Amino acid sequence: MKIALVIEDNENNLELITFILHAGGYGTRCAMTGREGVAEALRERPDFILLDIQLPDIDGIEVARRIRAAEGWPPIPMIAITSFAMAGDRERVLAAGCNGYIEKPIDPLRVMKQIEDVLARA
């Protein structure tokens, strides 16, 4: 079973995302802060990461940079899930090392397809 690390500080979003992943046949690990997420990613090497950008300690862009700077090979696919919708935000997220970008609010009926599309390209 593939394992996703979900880095999300909002409990409702975390519950929804993990429910969708479990329904899709994935296992999950969770972190509610950026620092916890970096540590968990490097310790456990999940199959992929779903990463909120607005976190309480360090933002998701910094999380992505730290994981990319410290990880081994092959790189862990990272998908940003964010409410950022300003011009240039998508590019900043991708430049930090994310492989994909999904805007909130997520559509539970479409999000697994979006995740699998990104993973297929990663």
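## Helix α5 across the sheet

In this predicted model, helix α5 spans residues 111–121 and lies across β3, β4 and β5. Its direction is at about 170 degrees to β5.

The loop between β5 and α5 contains Pro-105. The peptide bond from Lys-104 to Pro-105 is cis. Its omega is near 0 degrees.

## The sheet

Five strands form an open sheet. Their order is β2-β1-β3-β4-β5, and the pairing is parallel. β2 and β5 (100–103) are the edge strands, each pairing on one side only. On average, neighbouring strands are turned by 20 degrees against each other, direction ignored.

β1 and β2 run parallel and are joined by five bridges. Within this pairing, Val-6 has Cys-30 of β2 as its bridge partner. β3 and β4 also run parallel, with four bridges between them. Here Leu-50 has Ile-79 of β4 as its bridge partner.

## Strand β4

How many of the five residues of β4 are buried? Five of the five are, so the strand is largely enclosed by the rest of the structure. Both faces are covered. Met-78, Ala-80 and Thr-82 are buried on one side. Ile-79 and Ile-81 are buried on the other.

Ile-81 of β4 has a relative accessible area of 2% and is buried. Leaving out residues up to four places away in sequence, Ile-81 touches Ile-17, Leu-50, Leu-51, Asp-52, Ile-53, Ile-102, Lys-104 and Ile-106. The C-alpha atoms of Ile-81 and Val-111 are 9.9 Å apart. In sequence, Ile-81 and Val-111 are 30 residues apart.

## Nonpolar cores

In soluble globular proteins, nonpolar side chains tend to be buried together. The largest nonpolar core here has 21 residues. Ile-7, Ile-49, Leu-51 and Val-63 have the most contacts inside it. At least two residues of this core come from each of β1 (3–7), α2 (34–44), β3, α3 (60–70) and β4 (78–82). α3 gives the largest share, four residues.

A second core is separate and has 17 residues. Among them are Ala-4, Leu-14, Ile-79 and Val-118.

What does Leu-51 touch, not counting residues up to four places away in sequence? Its contacts are Ile-7, Gly-60, Val-63, Ala-64, Met-78, Ile-79, Ala-80, Ile-81 and Cys-98. Ile-7 and Val-63 are, like Leu-51, listed with the most contacts inside the largest core.

## One aromatic pair

A search of the whole structure gives one aromatic pair. The ring centres of Tyr-26 and Phe-48 are 5.3 Å apart, and the planes stand at 85 degrees. An angle over 60 degrees counts as edge-to-face, so this pair is edge-to-face.

Tyr-26 is in the loop between α1 (11–23) and β2 (27–31). Phe-48 is in strand β3, residues 48–52. The pair therefore ties together parts that are 22 residues apart in sequence. Tyr-26 and Phe-48 are both buried.

## Cysteines without a disulfide

The disulfide count is zero. A disulfide needs the two sulfur atoms within 2.5 Å. Cys-98 is likewise in no disulfide.

Cys-98 is buried, with a relative accessible area of 7%. Cys-30 is also the β2 bridge partner of Val-6, while Cys-98 is among the residues that Leu-51 touches.

## A positive phi at Arg-45

Arg-45 has phi near 45 degrees. That is a positive value in a residue other than glycine. Arg-45 sits in the loop between α2 and β3. Its relative accessible area is 35%, so Arg-45 is partly exposed.

Terms used
Residues are numbered from 1 along each chain as its sequence is written. This is a predicted model: local features need pLDDT of at least 70, side-chain atom pairs count only at pLDDT 80 or more; totals for chains, interfaces and linings use all residues. Side-chain values use heavy atoms; hydrogens and water are left out. Rings of Phe, Tyr and Trp (its six-membered ring) pair if their centres lie within 6.5 Å; planes under 30 degrees apart count as stacked, over 60 as edge-to-face and the rest as tilted. Buried means under 20% relative accessible area, exposed over 50%, partly exposed in between (1.4 Å probe, protein chains only). A nonpolar core is a set of buried Ala, Val, Leu, Ile, Met, Phe, Trp, Tyr and Cys residues joined through side-chain atoms within 4.5 Å. Contact means heavy atoms within 4.5 Å. Two strands pair if DSSP finds at least two bridges between them. Axes are lines fitted to C-alpha atoms, for helices over the stretch in contact, and angles run from 0 to 180 degrees between N-to-C directions.
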